[in-house]
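Let's take a look at a protein chain together, starting with its overall build and ending with its charged side chains.

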Amino acid sequence: MAERPFIPVRFAVLTVSDSRTLADDRSGDTLVQRIETAGHACADRRIVGDDRAEIESVVRGWCLDPAVDVVLTTGGTGFTGRDVTPEAIEPLFEKRMDGFSAIFHRISFEKIGTSTVQSRATAGLSNQTFVFVLPGSPGACRDAWDGILEKQFDYRQQPCNFVEIMPRLDEHLKRG
């Protein structure tokens, strides 16, 4: 069987933080570096404060943008009063990806033990765009990318991966 070709995917990265800038955003840097090292493109990158409406607006815009295939957010997944990223993004999901959270927590548990329960990492599909909501630490971003996302966004990954189903994500819209 011939090896499949690599197919680059276009990612957008959103850091949710009241205290970070592009100059000191280590989590966003971690994601962009891994995206580009893998051969994909970072189509856009932004930082917004812990504001539910602003988070929702940016993610919704990217999900409507044909130049973005995947949205990665980092930050705002904890339990403090300012942590509102899941609340801002989950209403956008047409389909939830419960398996992402389960696998992420398994990987995280191996590194940080029961502290993983303090993360509300989640994922889903919005307007045929994959959306992953990651914790705000560089370590959590590495765990999500290295343990899950890198393989699932590599068309050569067998037995299945997200890239091979991307052309069919909108097939429900084509039914008459």
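Here is a short tour of the fold and some of its salt bridges.

Keep in mind that this is a predicted model. The protein chain has 7 helices and 6 strands, and along the sequence they run β-α-β-α-β-α-β-α-β-β-α-α-α. With 176 residues, a compact globule would have a radius of gyration near 16 Å, and the protein chain agrees, at 16 Å. Its C-alpha atoms fill a box of roughly 50 × 40 × 30 Å along the principal axes. Buried residues make up 47% of the 176.

Now for the charges. The protein chain carries 21 positive and 26 negative side chains, and the centres of the two sets are 3 Å apart. The salt bridges number 15, including these:

| Pair | N to O distance |
|---|---|
| Arg 10 and Asp 69 | 2.9 Å |
| Asp 24 and Arg 20 | 3.9 Å |
| Arg 106 and Glu 110 | 3.6 Å |

What does the salt bridge between Arg 10 and Asp 69 tie together? Arg 10 sits in strand β1 and Asp 69 in the loop between α2 and β3, so the pair links parts that are 59 residues apart in sequence. Arg 10 is partly exposed, at 35% relative accessible area, while Asp 69 is buried, at 12%.

Arg 106 and Glu 110 both belong to helix α4, 4 residues apart, which is about one helical turn. Arg 106 is partly exposed, at 47%, and Glu 110 is exposed, at 59%.

Note on methods: Residues are numbered from 1 along each chain as its sequence is written. This is a predicted model: local features need pLDDT of at least 70, side-chain atom pairs count only at pLDDT 80 or more; totals for chains, interfaces and linings use all residues. Side-chain values use heavy atoms; hydrogens and water are left out. Helices (H or I, at least four residues) and strands (E, at least two) are DSSP runs, numbered from the N terminus. The radius of gyration is taken over C-alpha atoms; the globule rule is 2.2 Å times the number of residues to the power 0.38. Buried means under 20% relative accessible area, exposed over 50%, partly exposed in between (1.4 Å probe, protein chains only). Lys and Arg count as positive and Asp and Glu as negative; His and the chain ends are not counted. The place of a charge is taken as NZ of Lys, CZ of Arg, CG of Asp or CD of Glu. A salt bridge is a side-chain nitrogen of Lys or Arg within 4 Å of a carboxyl oxygen of Asp or Glu.
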